[in-house]
Amino acid sequence: MGLRIIPSNTQIKFARFRNIAAAISAAAILASIGAFYVLGLNFGIDFTGGVEIEVEPQQGEEFGTDSLGAVRDAVAELGLGQVKVKTIGGTQTSPSGGISVTVPLPKDEEQGGEVDREAENRQTQIANQVKEILFETLGIGQEQVRKTDVVGPAVSGELIKAGVTAMVISIGLMLIYIWFRFEWQFSLGAILALVHDVIITVGVFSITQLDFTLSIIAALLTIIGYSMNDTVVVYDRIRENLRKFKKMPLHQLIDLSINQTLARTIMTSLTTLLALIALFLFGGDVLRGFSFALIWGIIIGTYSSVFIASPILLRTGVKRDWSEDGAGGKAVATNAP
């Protein structure tokens, strides 16, 4: 007999909590928007431009606090502005912790216009200067350099546009897909749930001030796909039950559908979270922000598919008889308690 964490015959009345969930989500969205305008996002050099270099110790050695302080003092003498020097975790191939030096793009060069070759060359020169300082201060060589990222002003501006464009296009295509597959009420519910997930996830990054890099955009796009998949599973069951139970009040039918898919939803989320938590704990600093965004996205995506996407059908009404062809069915809303 297999292990069953979620009973197969749950009868939770989710629809009763829709107003409470709506209030919580509205508060979370307002807090996220407020945090974004007040605190902003801690953009990485992917978006702001600049230089980032990571080095690791030689085999069998470790960087101590003295090494970190020495690097800070040495880099400060270069007069490169607000340089960030910090320790970072190890990686699977290099378990020892390393040191990361981030040199932001000067303010007068933060623009995403035409390619500025002079600015690009300055960034390359800065990268070489910082490497020399690290080699001299830490006594390491080129082989201890884990990563060198040099992002110029034009590239960073293009990345911002590309990231935002990718998100808008993905949400728009999903809107069209759900509209064709179901009806506009389902499409509206799914898209509002996606927007809900993205805004709150961005808000969490604003409040925590974790680095917002290009990998976080990739995580947001993954969250959009996961949340949509979860929502479509519930919507498919709602549509099936609309065919079976033509007289059942809509709020009861939605509760029934969510309960029927609850075990699958929870088990899928839990198993995905186990993998992501392992990635968060042991994947190193490079993957920490990405895995954190996905962990949060799985949680908020599961919540929104149950408490945001499905209850919207109660407010908009849906076609009850799916045996009729296409748009011939009449949308009917049934009063919920």
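At roughly what angle do the axes of helix α1 and helix α6 cross? In this predicted model, the axes of α1 (residues 18–38) and α6 (residues 184–208) cross at roughly 50 degrees and come within 8 Å. Angles under 35 degrees count as roughly parallel and those from 65 to 115 as roughly perpendicular. That makes α1 oblique to α6. The crossing of the two helices is left-handed.

| Helix | Residues in the contact |
|---|---|
| α1 | Ser25, Ala28, Ile29, Ser32, Ile33, Ala35 and Phe36 |
| α6 | His196, Ile199, Ile200, Val202, Gly203, Ser206 and Ile207 |

By class, this contact of α1 with α6 has nine nonpolar residues, five polar residues and no charged residues. An α-helix has 3.6 residues a turn, so residues three or four places apart point the same way.

Helix α6 can also be described by itself. From its first C-alpha to its last, α6 reaches 36 Å with its 25 residues, close to the 36 Å expected at 1.5 Å a residue. Of the 25 residues of α6, 18 are buried, so this helix is largely enclosed by the rest of the structure.

What follows α6? Just after α6 comes glutamine 209, which takes a positive phi of about 60 degrees. This is a positive value in a residue other than glycine. Glutamine 209 lies in the loop between α6 and β6 (211–212). Its relative accessibility is 32%, so glutamine 209 counts as partly exposed.

Key:
Residues are numbered from 1 along each chain as its sequence is written. This is a predicted model: local features need pLDDT of at least 70, side-chain atom pairs count only at pLDDT 80 or more; totals for chains, interfaces and linings use all residues. Side-chain values use heavy atoms; hydrogens and water are left out. Axes are lines fitted to C-alpha atoms, for helices over the stretch in contact, and angles run from 0 to 180 degrees between N-to-C directions. Helices (H or I, at least four residues) and strands (E, at least two) are DSSP runs, numbered from the N terminus. Angles under 35 degrees count as roughly parallel, over 145 as roughly antiparallel, 65 to 115 as roughly perpendicular and the rest as oblique. A crossing is left-handed if the near helix is turned anticlockwise from the far one by less than a right angle, and right-handed if clockwise. Contact means heavy atoms within 4.5 Å. Ala, Val, Leu, Ile, Met, Phe, Trp, Tyr, Cys and Pro count as nonpolar, Asp, Glu, Lys and Arg as charged, and the others, Gly among them, as polar. The expected span of a helix is 1.5 Å times one less than its number of residues. Buried means under 20% relative accessible area, exposed over 50%, partly exposed in between (1.4 Å probe, protein chains only).
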